[in-house]
Amino acid sequence: MFVVALVCNFSGSRSSSSAKLNHWEVETLFHEFGHALHSLLSRTDYQHFSGTRVVLDLAETPSNLFEYYAWDYRVLRKFARHYSTGEVIPEKLVESMQGARKMFAATDLQRQIFYALIDQTLFGEQLSRQRDTTSVVADLKRQYASWKHVEGTHWQTRFNHLLNYGAGYYSYLYAKCFAATIWQKLCQEDPLSLATGTALRTKFMEHGGAKDPADLLTDLVGDGILQSRDGGIVPDLTSLCDEMKLEECGQEHVVLYPIETGGKKRITGLGRKNSHFCWEKA
Ligand SMILES: [Zn+2]
C-alpha cells in the first residue's frame, strides 16, 4: 500500500467543515498534489526509480502540469464554492483571475531565469579570484535583469533552493516548458477525461525514473516537446511561447520577445552550455 502525505502550511479556516484557501494556496496544493500523484501512481521494479525519483530535468513536470488544473474552470467548478451560500465559483471570476495572472507573466519568467542564472553561476566554474555572493548576484542583475540592484541587499541569502536544488533550479524552467506542451497537446481539450488521465498515468507517472525522460515525453505527446541543441536535448519552447504570447527567435540563443510590449525587453539566458532562454537586451 502506498501512502503519500502532503503536509501543508496553509492559512486554514476557523470552521472545521470548510477550508478557506486563497487561490495561491490552491495552486500550491495542486502543485504538490502533482508530486504526490507521481509517487502514488508509480509502478517500478526498483523503489529507487519510483515516483519523483527521476532526473532533475523532469522532477517538476507533473507538479507544474497540475498547476494548470488549478486555473481551469472545468476543474474549479467541481469543488470551489462560496463558503456560506454554497454557490459554485463564477466563471467570470475565474476569467478575471486568469487575466490578472497574465499581467506580469513575462516579468515572472524573467525572474525565474535570473534565479536559475544565479544558481548556475554560483555552482559553476569559479573565477580564480575570490568573490562574495552579493557582488556576483549584483553583477548578474546589472547584466541581465531589467530591474536594478539595490545596494546593501543580499537577496540570495534567502534563496533556499540554492542548497537543496544546487545547480538545478533551471529544472523549474524545463518543467514550465514541458508542462505547457503536455497541457496543450494532451490535457487542454478535456483535462478530466478518462483518456487524458490514463495517458498521464500509463505513459508518464507509472514509470517514475525507470524510463529515459526523452522517450517518456515523446511517447506521451509525440514530437514537439524536445529540441536538439548543441549536441544536447532541451525543451521545445513553442507551447510556452504561445501561451505567454512571446516570440521565439535568434540562433545562438533562443530569444523571447514579449509581443505585447513591442519587443525589446530583456530576458536573461539559461540552459545547458550554449542553449539559453534569452531575453535580449534592448
Ligand atoms: Zn515542486
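This is a predicted model: local features need pLDDT of at least 70, side-chain atom pairs count only at pLDDT 80 or more; totals for chains, interfaces and linings use all residues.
## Surroundings of helix α11

Helix α11 spans residues 213-221, and its buried residues are Pro213, Leu216, Leu217, Leu220 and Val221. Viewed down the axis of α11, these buried residues fall within an arc of 100°, so they line one face of the helix.

Gly222 follows α11 and has a positive phi, near 85°.

## Packing of α9 with α11

The axes of α9 and α11 come within 10 Å and cross at roughly 25°. Because angles under 35 degrees count as roughly parallel, α9 is described as roughly parallel to α11. On the α9 side, the contact is made by Phe178, Thr181, Ile182, Lys185 and Leu186; on the α11 side, Leu217, Leu220 and Val221 take part. By class, this contact of α9 with α11 comprises six nonpolar residues, one polar residue and one charged residue.

Leu217, Leu220 and Val221 of α11 also belong to the list of buried residues of that helix. Ile182, one of the α9 residues in the contact, is in contact with Leu65, Cys187, Leu220 and Val221 when its neighbours within four places in sequence are left aside.

## The largest nonpolar core

The largest nonpolar core has 44 residues, of which Phe178, Ala179 and Ile182 touch the most other members. At least two residues of this core are supplied by each of α1 (23-40), α3 (61-69), α6 (105-123), α7 (133-144), α9, α11 and α12 (238-244). The largest share, 12 residues, comes from α9.

In soluble globular proteins, nonpolar side chains tend to be buried together. Phe178 and Ile182 are listed among the core residues that touch the most other members, and both also take part in the contact of α9 with α11.

## Packing of α6 with α9

Two packed helices are described by the angle between their axes and the distance between the axes. For α6 and α9, the angle is about 140° and the axes are 8 Å apart. That angle makes α6 oblique to α9.

The residues in contact are Gln112, Ile113, Ala116 and Gln120 of α6, together with Tyr170, Tyr172 and Leu173 of α9. By class, the contact of α6 with α9 has five nonpolar residues, two polar residues and no charged residues.

Key. Residues are numbered from 1 along each chain as its sequence is written. A residue is buried if 20 or more other C-beta atoms lie within 10 Å of its own, exposed if 12 or fewer, and partly exposed in between; C-beta atoms are placed from the backbone. Helices (H or I, at least four residues) and strands (E, at least two) are DSSP runs, numbered from the N terminus. The arc is that of the directions from the helix axis to the C-beta atoms. Axes are lines fitted to C-alpha atoms, for helices over the stretch in contact, and angles run from 0 to 180 degrees between N-to-C directions. Angles under 35 degrees count as roughly parallel, over 145 as roughly antiparallel, 65 to 115 as roughly perpendicular and the rest as oblique. Two residues are in contact if their C-beta atoms, placed from the backbone, lie within 7 Å. Ala, Val, Leu, Ile, Met, Phe, Trp, Tyr, Cys and Pro count as nonpolar, Asp, Glu, Lys and Arg as charged, and the others, Gly among them, as polar. A nonpolar core is a set of buried Ala, Val, Leu, Ile, Met, Phe, Trp, Tyr and Cys residues joined through C-beta atoms within 7 Å.
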